[in-house]
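User: Can you walk me through the charged pairs here? Keep it quick, please.

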Amino acid sequence: VLQTLLSATVSCKACHGPVGLREVTREGLASILELVCGHCKERSSELMSKKHGRMVEVNRRIVFGMCWLGKGHQAMKKYCAALNMPHPMSLSSFHGHAKALAISSCSVAERSMVSAARCIAGQEEVQDIAVDTYDGTWMRRGYASLYGVFVVISCETGKVLDYQVLSRFCQMCNNFKQQLLQQQRLQLPGLMMAL
């Protein structure tokens, strides 16, 4: 449709010949489109999304949307397939965008909480503040969840003053237990022979 529209309405700047459109390459969901003159072969290409350094904005935005919905890379692939969109970025690119978003979000949250605490204290230097309300929740209902969050909220302003992510699972402890079990399995045959 776009190709037909362009050839009917756009002409080459140099020779006024018909212009064709083709996709040169793709970076995740962003395409680099090229206009090519049918007569003089004049070319002009452009990335169809804003680029900030190495990051293409449309890719960062879809990762943000998926994280905001609590979904990951597989959900993004299914979403793009359902909308007949091109295959999105790789898993490692997805994780890179998600990590950058997490760092930015934590930075903004920290500044916001310091600002809220200063507003309540009414001075530049934050001192001890009486806690108005606090609440916590786990990722899943019941007692099966491994992750939760605890939040302190000001009743005066309704702003979050602090938060803490809680976990019942420790990867380092789990790795240590696995190593101990492995060592015990290796030592067990030697003990049986000694008996």
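Analyst: We will go through salt bridges, then a surface patch. This is a predicted model: local features need pLDDT of at least 70, side-chain atom pairs count only at pLDDT 80 or more, and totals for chains, interfaces and linings use all residues. Residues are numbered from 1 along each chain as its sequence is written, and side-chain values use heavy atoms, leaving out hydrogens and water.

User: How many salt bridges does a search of the whole structure find?

Analyst: Five. A salt bridge is a side-chain nitrogen of Lys or Arg within 4 Å of a carboxyl oxygen of Asp or Glu.

User: Which residue does glutamate 57 meet in a salt bridge?

Analyst: Arginine 61, at 2.7 Å from N to O. Helices are DSSP runs (H or I, at least four residues), numbered from the N terminus; strands are E runs of at least two.

User: Is arginine 61 buried or exposed?

Analyst: Exposed, at 57% relative accessible area. Glutamate 57 is buried, at 16%. Buried means under 20% relative accessible area, exposed over 50%, partly exposed in between (1.4 Å probe, protein chains only).

User: Which residues are linked in a network of salt bridges?

Analyst: Arg22, Glu34 and Arg43. Arginine 43 and glutamate 34 meet at 3.1 Å, N to O. Glutamate 34 is buried at 9%, whereas arginine 43 is partly exposed at 47%.

User: New topic. Which residues make the nonpolar surface patch?

Analyst: Tyr134, Trp138, Phe150 and Leu166, covering about 400 Å². Patches take residues with over 30% relative accessible area and no salt bridge, joining like charges within 9 Å and nonpolar side chains (Val, Leu, Ile, Met, Phe, Trp, Tyr) within 5 Å. Leucine 166 lies in strand β8 (residues 160–167) and is partly exposed, at 34%.

Technical notes. Areas by Shrake-Rupley, 256 points an atom, 1.4 Å probe, with all protein chains shown as cover.
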